[in-house]
Amino acid sequence: MAKPLLICLLGPTASGKTDLAVSLAQALDAELISVDSALVYRGLDIGSAKPDFPHHLVDIRDPQEVYSAADFVGDTSALVADITARGKTPLLVGGTMLYFKAYLQGLSEMPAADPEIRAEIEAEARKAGWPRLHSELARVDPLSAERIHPNHSQRIGRALEVFRSSGVSMSTWQQAEPPHDLPSKRYRVLQLAICPQDRGVLHERIAKRFHQMMAQGFLEEVRCLYQEYGEHRDLPALRAVGYRQLWQHLSGEIQLEEAVERGIAATRQLAKRQLTWLRKWPDLQWICTDDAGNVVETTLSHSRGADSLRNPVDLVLNYLT
């Protein structure tokens, strides 16, 4: 008996993956599962580019709640099993690469150092002191906090860095066992990545989308969060790019223009990190597009007649038939 099909659609932010996923879902009668650490939160709508088309794992947490990669694996495993049992195709789409990795490859390797997050932690320590950050660590990772002295800056910084970059505590990573039942054993997994061939196009899209979000009321959305949660910078939801920068403006640290510039820059840095993940991704099929979204290069070209197909949807459907 043939294994059920499982499609994973990855890509950097603003690459066009959501539009492609929706079109594929409509053509294949598939159900979409969001792989996005911002979309899980209620109240993060404009800044997370929350889609109108139904996705699983959207609006399932309040902003102050933690949603980890381990939570994602558990939720997604159950959803994929249910969707395939009903005879439909699950299609995972998003840009949180750690979630994809945790689900497809298992939680076995601790995240590498993240200089940007480390710099943020050190800046907070200079302002509030390491004991204050140790208190934060005790909230998100009590086992590590118990083992680390409140003045041991290096170990506190690393433990917080691991949590902030992955949503998974260091103690959980350390206790994780190698996975035994990966999705590839149960499903026929097709892993796709879509991205503009010209990185300049991606950067332009990121800037344009950020300004569009501002026009749609992004600042007011963040102001509502700020008014409800005060100056709690350690909210899990504030790891999302854009929200953190506008929060800095609302707290009086920077002017709005600078917050927008920082938000765009942070989003471009996010896209760069996402592409770094993707370049090392095993068994990944690439779809490279031009500024109009047409296919200009793909590793799916060996499929029947694919060389003449310029629409990403037609290309993928052709590959699957």
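I count two strands as paired if DSSP finds at least two bridges between them. Strands (E, at least two residues) and helices (H or I, at least four) are DSSP runs, numbered from the N terminus.

**Entry 1: ground rules.** I am working on a predicted model, in which local features need pLDDT of at least 70, side-chain atom pairs count only at pLDDT 80 or more, and totals for chains, interfaces and linings use all residues. Residues are numbered from 1 along each chain as its sequence is written, and side-chain values use heavy atoms, with hydrogens and water left out.

**Entry 2: the sheet.** I looked up the strand order and found an open sheet of seven strands, β3-β2-β4-β1-β5-β6-β7, with mixed pairing. β3 and β7 are the edge strands, each pairing on one side only. Leu32 stands opposite His55 in β3.

Thr289 has Val295 in β7 as its bridge partner. The two strands form a hairpin with five residues between them, and Gly293 in the turn has a positive phi of about 90°.

**Entry 3: helices on the sheet.** I take contact as heavy atoms within 4.5 Å. Axes are lines fitted to C-alpha atoms, for helices over the stretch in contact, and angles run from 0 to 180 degrees between N-to-C directions. α1 packs on the sheet and touches β1 (5-10), β2, β4 (89-94) and β5 (188-196). The direction of α1 makes about 170° with that of β4. I also noted α10 (residues 199-215), which lies across β5 and β6 and runs at about 80° to β5.

**Entry 4: helix pairs.** The axes of α1 (residues 17-28) and α14 (residues 312-320) come within 10 Å and cross at roughly 45°. The pair is therefore oblique; the classes are roughly parallel under 35 degrees, roughly antiparallel over 145, roughly perpendicular from 65 to 115, and oblique for the rest. I logged the crossing as right-handed, meaning the near helix is turned clockwise from the far one by less than a right angle. Leu20, Ser23, Leu24, Ala27 and Leu28 in α1 meet Pro312, Val313, Val316, Leu317 and Leu320 in α14. By class, this contact has nine nonpolar, one polar and no charged residues.

For the second pair, α4 (residues 115-128) and α5 (residues 130-140) pack at about 120° with their axes 7 Å apart. α4 and α5 are therefore oblique too. Ile121, Glu124, Ala125 and Ala128 in α4 meet Trp130, Arg132, Leu133 and Glu136 in α5. This contact has five nonpolar, no polar and three charged residues. I class Ala, Val, Leu, Ile, Met, Phe, Trp, Tyr, Cys and Pro as nonpolar, Asp, Glu, Lys and Arg as charged, and the others, Gly among them, as polar.

Entry 5: I use buried for under 20% relative accessible area, exposed for over 50% and partly exposed in between (1.4 Å probe, protein chains only). In α3 (residues 97-105), eight of nine residues are buried, including Lys101 and Tyr103. Gly106 follows α3 with a positive phi near 95°.

Which non-glycine has a positive phi of about 65°? I found Leu57, in the loop between β3 and α2 (69-85). Leu57 is buried, at 9% relative accessible area. Ala49 is not a glycine either and has a positive phi of about 50°. Ala49 sits in the loop between β2 (30-35) and β3 (55-56) and counts as partly exposed at 37%.
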